[in-house]
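This report looks at how two chains meet and at selected side-chain pairs.

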There are 2 protein chains.
Amino acid sequence: MPDNDLSGGDVVLVTAALVVSLAALVFAWSLVRAVLATDQGTTRMRDIARAVQEGAGAYLRRQFRTLAVFAVVVFLLLLVLPVSEGGWGTRLARAVFFLVGALFSAAVGFIGMTLATRGNVRVAAAAQSGGYRPSFRIAYRTGGVCGMITVGLGLFGASLALLLFDETAPVVLEGFAFGGALLAMFMRVGGGIFTKAADVGADLVGKVEAGIPEDDPRNAATIADNVGDNVGDCAGMAADLFESYAVTLVAALILGQVFFGADGMVFPIVVAGIGVLASVVGILASNPGKNDSSGLAPINRGFFTSAVVSLVLVVVAAFTVLPGVADVPDSVVNPQVLGFVSVLIGIVLAAAIQQLTGYFTETSRKPVRDIGRSSLTGAATVVLSGISLGLESAVYAALLIGGAVYGAFLVGGGAALYAVALAGCGLLTTAGVIVSMDTFGPVSDNAQGIAEMSGDIDEDGARVLTDLDAVGNTTKAITKGIAIATAVLAAAALFGSYNEQVRTALGDVDLAQSFSLVEPDNVVGAIIGAAVVFLFSGLAISAVSRAAGRVVFEVREQFRTRPGIMDYSERPDYSAVVDICTKDSLRELATPGLLAVLAPVAVGFGLGFGPLAAYLVGAIATGTLMAVFLANSGGAWDNAKKMVEDGEYGGKGSEAHAATVIGDTVGDPFKDTAGPAINPLLKVMNLVALLIAPAVVTLSVGEDANTTVRLLIAAAAALVVIGAVIVSKRRSVVVGGASEEPADTLTSSAT
Amino acid sequence: MPDNDLSGGDVVLVTAALVVSLAALVFAWSLVRAVLATDQGTTRMRDIARAVQEGAGAYLRRQFRTLAVFAVVVFLLLLVLPVSEGGWGTRLARAVFFLVGALFSAAVGFIGMTLATRGNVRVAAAAQSGGYRPSFRIAYRTGGVCGMITVGLGLFGASLALLLFDETAPVVLEGFAFGGALLAMFMRVGGGIFTKAADVGADLVGKVEAGIPEDDPRNAATIADNVGDNVGDCAGMAADLFESYAVTLVAALILGQVFFGADGMVFPIVVAGIGVLASVVGILASNPGKNDSSGLAPINRGFFTSAVVSLVLVVVAAFTVLPGVADVPDSVVNPQVLGFVSVLIGIVLAAAIQQLTGYFTETSRKPVRDIGRSSLTGAATVVLSGISLGLESAVYAALLIGGAVYGAFLVGGGAALYAVALAGCGLLTTAGVIVSMDTFGPVSDNAQGIAEMSGDIDEDGARVLTDLDAVGNTTKAITKGIAIATAVLAAAALFGSYNEQVRTALGDVDLAQSFSLVEPDNVVGAIIGAAVVFLFSGLAISAVSRAAGRVVFEVREQFRTRPGIMDYSERPDYSAVVDICTKDSLRELATPGLLAVLAPVAVGFGLGFGPLAAYLVGAIATGTLMAVFLANSGGAWDNAKKMVEDGEYGGKGSEAHAATVIGDTVGDPFKDTAGPAINPLLKVMNLVALLIAPAVVTLSVGEDANTTVRLLIAAAAALVVIGAVIVSKRRSVVVGGASEEPADTLTSSAT
């Protein structure tokens, strides 16, 4: 049995990590000051920016108020659920750290978004007054704040828990990870619905019906559209990566403790600390230089610099922290090599996914060019070619991720699951840079929107902002791919932790029999797991359709009741649309949210811990593919539209352009709502499984087994999910619907 | 150990089944004579019908020539592959029965299609001369031929093998099932590409570019479109259900022998025999009566009559054939109850799937009405609402199928896998009626096409044919749902047989460890399994896009070089388009076909028999959902278009109509190419796994283990698949492409 108590040297290392995490927050603060010190542009630009700030702030505050109630409920449930190790003190600490995780996740989203809604107008102003390089620098630094807070708070929570709770830290951190994941999922889903309801609604009623261009101030949905970029792409993505970060660390700590005791817990913390340092270097290396061939060059420089720095330092850490020998069965290499190679696999995977996503979504490459060309025969062929591209590209991404897991398995031997978790840590050493790259997208997108709406930017300034926006589109697509890989490795590592949890709860029995695929109930578990991914995606897409429908009605109504809008003599009521998006996205996120939390409860208590394991595997396998499919189809359609807008096949206004606009609109909820929300879905479901595992085992086997209670819990969970789905179906306004017709509920007819 | 030799009573029962199978063929022959005896209509109608007959015949002959080479290669490979039981004689018998299975599958497709291309014109003629009821009767009887040959040949092969080979029959029948499945997959994929290339191409160039209606004789692609209905919906579907039938029977025999010896093998044969009798009764009960409320009424009467007849006879059979007690561990009921309840589960599942599919795809129900309404805001919202509908409906279907498997698991106890196979047999007792219902679709579709092209039908006749076509559309959608359920149960049962095969090859070792989800390599296997479903779907959809592109070029070229076509003074060259579709679909089916056969080989030999099991489960879980998603989205779009054409939201020619036409075109390759092809994909992959299992085990463990040979085989298989994918990517004509540009291969850029 490895030694589980932290040695004196371990305490020094973890304390150092804690200090590094605080340093990251200080660095973030210095970036905030640098960004806020720059010029805010003209009065009109400030006005527009203020409207976006207010809308975004109002949305998040309202969301947090709603979620606070939910958080308290979960807090109480966590006090009731048994823990695998430790007593009431550990239970309480886990519940408290759940709140801390939720709070941190919310803070990452809130701070990142608040700065993004202040950085955007400054980017626009700098484009006018200073040109490309200052403008780029402000946008990237705004992203950098988000990135540093993400990694800073994640590392802070994990190292603090390890110092405070020593060997029970993994259990306490389950709460931390779950809090982060739950908040992130709601922010991803809610923000995703908000942003695309506003975007799709604005496009349908503006471009299609009224014939006015994008970001036209006469369209009442434009401010909501800009707000959406921030609450979706910025707050949602940052919270998502924060939780991947926290979740992966937690999984690595749990599995590290199992195989290598305290050393196994300290190593991932050290790797994360290295990641923070590497991210700072990466962000500083991303300043645009004179010799850069394109806008992507400094961003790639930042990413690869941070990857190389991590790599070098991880080698040192592996040979310092990890033991040279260990009694892990079937281990093919010593723990030091295992640690180093696993982290290396993760870093390489990040780079590979970056290349792959780029190939499938960049305008200059064959896949997107093929879609663009298919616009000559109309929208149907654009949609079909985008879907087949997405399906195929998902396969290559899944094979890369599967290859990484298999590589970790080969190198890990008996400690394979720890190796998988370490590969996840490796993938996340560049997390700070990745979040910065991603936030760069909505900030420059917003900057262009504000410039367009204000009309205060000259041609040179506008060109700078168009260039920045194009770079931002590519970084958004790339970081989406990496975020998915992160989520899958985190989920796979968590799945390993679930196995350990069940094993411990069963009293170190061999799990093989109950987790075997020879059992038909496990095959059913896998089918249900895959089904939940499909249902979740379908619900997210239809939620966007419904909410967009209400936006269309509102804007139409404003055009009708305020005839002065079209000749600029009357101002549209922007806040009414923001309000609709806010209310609707908060209402619509309930069903997918409940599904994610309760489906594993229903399967675990209803069918048992074996089918629950198969359920998780089914969800991971299908979720990986579905997430990449949705993200890459959407990204490719977006760029195919840009390609036609840049003048190919007839340019703007041609039939080919109309066809690609349809493709892009289909892709909107794919790439920005359903696709990214699958990441937190996978992690939330694995965490729920991890948390309920001891209770499921207790009720299933041994002297406390109680089939009635077990099935009652499962039935209650299933009924709530079914009820939520029925309620969401009853909201029957579909885009284009002229009136609500009495809902014909699914259950009454389909069964 | 149960007794594996057939008793005297068993021989009598199996011989009776053999006689019943021959009776089914005789009944089919009587239906053929009845259909061919009816009037063939006017000369123009005969001419058009002849062109369709020739095109369809030419396609199938060419396909069979190509596949004959492939069949010989597989025949030789089967001689090399070790068998789990028996010696060289069994190997040879298995290989010979592979050829028999392939031949039967081809015969079912060929005969069914040949009659369909003769029935169609007679249906059109009867609509003109006799009205609705005679016309309906001819269409349904044409389908009945197909149905009776399907069940007749399936039962004939299985019972013959059981009589000839007694206890080694299951091994021999692996060959029979594989032959049927392989041919069916190629016919499904090839026919699916043919039919949708012609349909999409005809629509794009006719409706969209030239502005002429569907089935207009000036469109050079119309004959190909009609040929496509026959080679896809008719030949493909019949072969698919034939192989489901054969595969399910084989799996039930294998598993029945394991648990109950000879009795366990005889019972499924008897159930199949009952199914044949029930199908005859069902077909005879489907005559339209005076009191029928709709065209669907007689069809539903046939289905439910046959279900009830089966149910009653199966009760008798269970208590006669199966033993009253058995020494199966954990068995909760006696074998008789197990047999009866399992079959009942299958029959109930068929009815439930029928209702569910109807709910999601019928014009009168809320889901399709919602899609229709979304056409008011354009094509993007039509596509989005169809996709979310498809995703959600797939979940309910998967839960029904999963529920059936779980029910069989609960009732089966230690013999759970046998119960799953028997549920599959139950589902297939109505197979004869299901194939009849399905073939009804293309026959009435074709009848309408021939009538329209000939111009020889008056208004009353045309209305009859429109009504028949609408009924056919619904039956096609419903049978697709049942075909998927059939395929999943067959695949699940085969998966059980794979487990037994591995267990036997390992020498009755407990499989739990190597099949456990605790092993990360098994998780990777599941991811790859899910990925293959995505890749296969993507390849099928892009194959249709490419082939449709060539059709568009050809028809455009004909309009250009033969200016007389538009004013009817010149005849288009129909055969040129048929030729393009034939060549392209045969070329395009190679990549998905190789993927299906070789991916399990690569995974099995490369990663081992545990990951191969997880691979199969991943493929089954994802495949179930993907198949239903694609089928139901496509079906719903099709009917949403019809709803608008019937006058809602502006009717034909409105913008809403244009939006639904785009949705329908997107749905074409979903519902008729990629979706249905997933059925044989799942079964082929499971059969390949079953066939290679002994070889994989031999090379992996024990004294003959040879890692080098094992990995070489895997590498060769993987390389062939990668090569095939690259070759298909190089065929870079995308619909709408003005010229071929040099292909930028995936591998050179993505890695």
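## Interface between the chains

Buried area is the accessible area, taken with a 1.4 Å probe, that two parts lose on being put together, summed over both. In this predicted model, chain A and chain B bury about 8,300 Å² between them, with 75% of that area on carbon and sulfur atoms. R373(A), L517(A) and F534(A) supply 9% of the area that chain A buries against chain B, more than any other three residues.

Counting a contact as heavy atoms within 4.5 Å, the interface takes 92 residues from chain A and 92 residues from chain B.

## Symmetry

When the copies are superposed by least squares on the C-alpha atoms of residues with pLDDT of at least 70 in both, a rotation of 180° with 0.0 Å of shift along its axis brings chain A onto chain B (RMSD 0.0 Å). That is the relation of a two-fold axis. S516(A) is the residue of chain A that comes closest to the rotation axis, its C-alpha lying at 2.1 Å. Because 100% of the interface residues of chain A are also interface residues in chain B, the copies meet through the same surface.

## Salt bridges within the structure

Over all chains, a search of the whole structure finds 56 salt bridges. One of them joins K683(A) to D240(A), whose closest N and O atoms are 3.1 Å apart. This pair links distant parts of the chain, 443 residues apart, with K683(A) in helix α18 (residues 655-700) of chain A and D240(A) in helix α6 (residues 222-285) of chain A; helices here are DSSP runs of H or I with at least four residues, numbered from the N terminus.

## Conventions

Residues are numbered from 1 along each chain as its sequence is written, and chains are lettered from A and ligands numbered from 1 in the order in which they are written. Local features need pLDDT of at least 70 and side-chain atom pairs count only at pLDDT 80 or more, while totals for chains, interfaces and linings use all residues, and side-chain values use heavy atoms, with hydrogens and water left out.

Conventions: Salt bridge = Lys/Arg side-chain N within 4 Å of Asp/Glu carboxyl O. Helix = DSSP H or I, 4+ residues; strand = E, 2+ residues; numbered from the N terminus.
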